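Please open the model in your viewer and keep the sequence panel beside it.

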Amino acid sequence: MKARNYVKELKQLHKEADECMRQISIIGETQNQLSAENIIATLDDAIDELYEDFSSLIAQANRMVSNITQLDEPLEAMVLIYRYHRGYCWEDIAYKLRIDAGQVKKIHGDALRSLETYLE
């Protein structure tokens, strides 16, 4: 798998996990307003299924992050984790690492090449 596709998949997993949690919240709020037992049971099942999906997505994302942390350069790993796991913008990453955004982008390119090599 190409490094860019790998980190995009990580970002997508978090997006899907966030959507699961959003749906769980909506269903939970709706459930609290209902009294019919069959509707509540159906919503319980839907919530359980969403929690399972959420757990699976998070487990897969955690495995991917674990792979990223195996890179030889910790700074490269941090840039990828901040960018794709935590969703930080270039400026926020630069602030966190106390370097300028241009350096972050260069490290990002190096990190993708390192990840590519690691994944092969």
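**A histidine and its helices**

Select His-108, which lies in helix H5; helices (H or I, at least four residues) are DSSP runs, numbered from the N terminus. This is a predicted model, in which local features need pLDDT of at least 70 and side-chain atom pairs count only at pLDDT 80 or more, while totals for chains, interfaces and linings use all residues. Residues are numbered from 1 along each chain as its sequence is written, and side-chain values use heavy atoms, with hydrogens and water left out.

His-108 counts as buried because its relative accessibility is 7% (buried means under 20% relative accessible area, with a 1.4 Å probe and protein chains only). Now show its contacts (heavy atoms within 4.5 Å): apart from neighbours within four places in sequence, His-108 touches Arg-4, Val-79, Leu-80, Tyr-84 and Trp-90.

Next, display H3 together with H5 (residues 101–119), whose axes lie 8 Å apart and pack at an angle of about 100 degrees; axes are lines fitted to C-alpha atoms over the stretch in contact, and angles run from 0 to 180 degrees between N-to-C directions. The two helices, H3 and H5, are therefore roughly perpendicular to each other (65 to 115 degrees). On the H3 side, the contact includes Leu-75, Glu-76 and Tyr-84, and on the H5 side Val-104, Ile-107 and His-108 are among the residues involved.

Conventions. Parallel < 35°, antiparallel > 145°, perpendicular 65-115°, else oblique. Buried < 20%, exposed > 50% of the residue type's maximum accessible area, 1.4 Å probe, protein only.
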